[in-house]
Amino acid sequence: MAETLVCEILEVMSDIHLRLAQLQEQEMESRKLEAIYGFVEGDYQIELRFLAEPRMFSRLAQNMAGSQLSSDEIQEYAMEFFNVLCGRFLSELYKATNTTARFYPTRYELHPDLMCLKDQVMLSTLYFISDEQELAAFSWSAKPINDLLRRSINVEA
Amino acid sequence: MLKRRIMVVDDSRVVYAEMRKMLEGSEIEIAAFCRSGEEALEQYDTVKPELVTLDIVMPGMDGLETCERLKKSHPDAEIFMVSSMAYDDIIDQAAALGAKGFLFKPFTKEALLEGLRGAFKAIEGTE
């Protein structure tokens with residue numbers, strides 16, 4: 001579900017095409033990446049993060065705007081993409097589990113700490129590669145979501 | 001051509017810029033842009049738009065509360081919700097408050113125009 005959402009939303013908003021990729025952590029760490037973070041509170045609490053190479057954020061924003069933008073403007077456009085992605089992510093969770101929560105975008109980081117990527121217990125991460133070979137990744141707190149989905153499957157059973 | 005005037009309420013300038021670009025050359029124009037529900041309530045009397053597009057998730061007063069307050073102070077205000085949050089209860093609440101339509105983000109130019117034109121048609125049908 002998350003894979004389709006990321007690809008569809010990015011394509012509709014900026015005409016950038018992504019495909020799921022099997023990447024090694026080292027490949028992500030070897031690239032310069034920027035990150036957007038957000039958190040969710042309500043029936044459950046999770047954190048969300050979207051990582052991408054600066055060139056991809058820049059293309060995303062400029063394709064959306066149809067013109068050249070300043071770095072601050074690029075960040076604003078990237079944040080709007082992230083807001084929409086997370087809103088749709090929560091809506092899909094609502095459909096699957098009948099739980100509601102509110103999303104709060106927090107920050108855009110030019111030099112994110114990628115250490116948490118190593119903690120696979122804490123985060124579920126999908127890696128992507130763009131039509132211009134840029135890397136991107138979407139992550140969320142794994143345990144609360146897995147618990148929610150498990151609970152909803154048990155209720156249905 | 002006399003244009004239909006809307007007020008866009010969204011905490012993101014990006015949404016305003018996108019809508020403005022998508023509405024270029026159409027019969028609809030953005031008469032005002034407000035970055036919060038509070039600002040929309042202040043501006044409404046001055047702008048007197050035919051339709052207000054409201055984002056749901058905004059810092060401070062959210063879109064549903066803004067809709068409720070606007071309808072209370074200006075019962076003739078017409079509302080169109082725009083959001084990426086697609087919870088059934090949010091959509092139901094918006095409809096119960098009298099919203100004339102709901103558009104999901106991300107939207108295309110065609111979807112925006114179709115949504116707004118549908119809302120104007122619904123308004124004319126109730127006049």
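**Two chains, helix by helix and strand by strand**

In chain B, helix H3 (residues 63–73) lies across S1, S3 and S4, and runs at about 150° to S3(B). Some ground rules. This is a predicted model: local features need pLDDT of at least 70, side-chain atom pairs count only at pLDDT 80 or more, and totals for chains, interfaces and linings use all residues. Residues are numbered from 1 along each chain as its sequence is written, and chains are lettered from A and ligands numbered from 1 in the order in which they are written.

Now the terms. Helices (H or I, at least four residues) and strands (E, at least two) are DSSP runs, numbered from the N terminus. Axes are lines fitted to C-alpha atoms, for helices over the stretch in contact, and angles run from 0 to 180 degrees between N-to-C directions. Residues are in contact if their C-beta atoms, placed from the backbone, lie within 7 Å.

Back to chain B and its sheet. The sheet is open, with five strands in the order S2-S1-S3-S4-S5 and parallel pairing; strands pair if DSSP finds at least two bridges between them. At the edges sit S2 (28–34) and S5 (102–104) of chain B, each pairing on one side only. Neighbouring strands are turned by 25° against each other on average, direction ignored. Take one pair: S3 (residues 51–55) and S4 (residues 79–83) of chain B run parallel, joined by four bridges. Thr53(B) has Phe80(B) in S4(B) as its bridge partner.

Helix H1 of chain B next. H1(B) lies across S1 (4–9), S2 and S3 of chain B, at about 170° to S2(B). Which residues of H1 (residues 13–23) of chain B are buried? They are Val14(B), Val15(B), Glu18(B), Met19(B) and Leu23(B). Buried means 20 or more other C-beta atoms within 10 Å of the residue's own, exposed means 12 or fewer, and partly exposed is in between, with C-beta atoms placed from the backbone. Seen down the axis of H1(B), the buried residues fall within an arc of 155°, so they line one face of the helix. That arc is taken over the directions from the helix axis to the C-beta atoms. Just after H1(B), Gly25(B) has a positive phi of about 80°.

On to the contact between the chains. Chain B gives 16 residues and chain A gives 19 residues. H1(B) supplies six residues, the largest share of chain B's side.

Chain A, strands first. S2 (residues 34–42) and S3 (residues 46–52) of chain A pair antiparallel over seven bridges. A hairpin of three residues joins S2(A) to S3(A). S2(A) also pairs antiparallel with S4 (residues 101–109) of chain A, over eight bridges. There, Gly38(A) has Pro105(A) as its bridge partner.

Then the helices. The axes of H3 (residues 54–65) and H4 (residues 71–97) of chain A come within 8 Å and cross at roughly 85°. H3(A) and H4(A) are therefore roughly perpendicular, a label for angles of 65 to 115 degrees, where under 35 is roughly parallel, over 145 roughly antiparallel and the rest oblique.

Most residues other than glycine have a negative phi, and most peptide bonds are trans. Gln133(A) has a positive phi of about 65°, and counts as exposed with 9 C-beta neighbours inside 10 Å. Lys48(B) has a positive phi near 45°, and is partly exposed, with 14 other C-beta atoms within 10 Å. The peptide bond from Lys105(B) to Pro106(B) is cis, with omega near 0°.
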